Amino acid sequence: MPGVSSVLRRVICEQIAAVIVLPNKVSVKLVEDIPMKVFKCPEPEGVLRVRLVEARNLMEMDLNIFGLQGKSDPYAIMSVGAKEYRSSIVKNTVDPVWEEEWEVIIEVARGQILHVNLWDYDQGLADEFLGRISIPVSALVSRAETDLWVNLEEATKGRIRLKTEWFVL
């Protein structure tokens, strides 16, 4: 029964992810004096506010009416660990302006990475990859506030502007 096995696999994966993700560990009680809630629900280090400001000079992925490279319809997917945010789509541009904010609670900053993937939206077709950036959260924490222009990785051109703020809890 192919349908049942795929549903069963999805349910098992979701249950495992719910137990192990954020901050990606399994707690094992070795000492009786410390309650398990200290390990299972650690106090977060802080909140990272990420403002997706704009991007410049992105790759042209859509064809215009003459069959030449035209513009793109970019959007961003930002993630830290299993937490994810998807921006709005800015139509017909290679220089989008978003001015969107996302706040993410960070349990453990060390080892976490802020990933931003840019995509070109194509209705009815698979979206096309425009590039990515990866920034260690610890670098953002140490600077408290940042205003960064970062060149896109895995892209022939383009850069993205982010502003971040770190709030200690």
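## Close-up views of a predicted model

**Figure 1. Lys157 counts as partly exposed, with a relative accessibility of 28%.** The structure shown in this and the following figures is a predicted model. Lys157 forms a salt bridge with Glu60, and the closest N and O atoms of the pair are 3.1 Å apart. Because Lys157 lies in the loop between strand E7 (145-151) and strand E8 (159-168), while Glu60 lies in the loop between strand E1 (46-56) and strand E2 (74-80), the pair ties together parts that are 97 residues apart in sequence. Glu60 also counts as partly exposed, at 25% relative accessibility.

**Figure 2. Arg132 and Glu154 meet through their side chains in a salt bridge.** The N to O distance is 3.1 Å. Distant parts of the chain are linked here: Arg132 belongs to strand E6 (residues 128-136), Glu154 belongs to the loop between E7 and E8, and the two residues are 22 residues apart. How exposed are the two partners? Arg132 has a relative accessibility of 26% and counts as partly exposed. Glu154, by contrast, has a relative accessibility of 57%, so Glu154 counts as exposed, a class that requires a value over 50%.

**Figure 3. A salt bridge joins the side chains of Arg56 and Glu54.** The N to O distance in this pair is 2.4 Å. Is Glu54 buried or exposed? The relative accessible area of Glu54 is 9%, and Glu54 is therefore buried, since the cut-off for that class is under 20%. Arg56 has a relative accessibility of 29% and counts as partly exposed.

**Figure 4. Six charged residues are linked in a network of salt bridges.** The members of this network are Arg49, Arg51, Glu99, Glu101, Glu103 and Glu165. In general, side chains of opposite charge can pair when their charged atoms come close. How many salt bridges does a search of the whole structure find? The search finds 11 salt bridges.

**Figure 5. Four strands form an open sheet with antiparallel pairing.** The order of the strands is E3-E2-E5-E6. Strand E3 (83-86) and E6 are the edge strands, each of which pairs on one side only. On average, neighbouring strands of this sheet are turned by 15° against each other, with direction ignored. Within the sheet, E2 and strand E5 (residues 113-120) pair in the antiparallel sense over 7 bridges. One of the residues involved is Ile77, whose bridge partner in E5 is Asn117.

**Figure 6. Asn117 has its place in strand E5.** With a relative accessible area of 17%, Asn117 is buried. Which residue does the side chain of Asn117 join through a polar contact? The partner is the side chain of Arg132, and the contact spans 3.2 Å. When residues up to four places away in sequence are not counted, Asn117 touches Tyr75, Ala76, Ile77, Phe129, Gly131 and Arg132.

**Figure 7. The protein as a whole contains 3 helices and 8 strands.** From the N terminus on, the elements follow the order α-α-β-β-β-β-β-β-α-β-β. The protein has 169 residues, of which 33% count as buried. Among contacts with a separation of 6 or more, 56% are accounted for by residues 24 or more positions apart. The accessible surface comes to about 10500 Å², and 56% of this surface belongs to carbon and sulfur atoms.

Conventions. Residues numbered from 1 in each chain as written. Predicted model: local features only at pLDDT ≥ 70, side-chain atom pairs only at ≥ 80, totals over all residues. Heavy atoms only, no water. Salt bridge = Lys/Arg side-chain N within 4 Å of Asp/Glu carboxyl O. Buried < 20%, exposed > 50% of the residue type's maximum accessible area, 1.4 Å probe, protein only. Pairing = 2+ DSSP bridges. Axes fitted to C-alpha atoms, helices over the stretch in contact; angles between N-to-C directions. Contact = heavy atoms within 4.5 Å. Areas by Shrake-Rupley, 256 points an atom, 1.4 Å probe, with all protein chains shown as cover. Polar contact = N/O pair within 3.5 Å; in protein donor to acceptor, adjacent residues only side chain to side chain.
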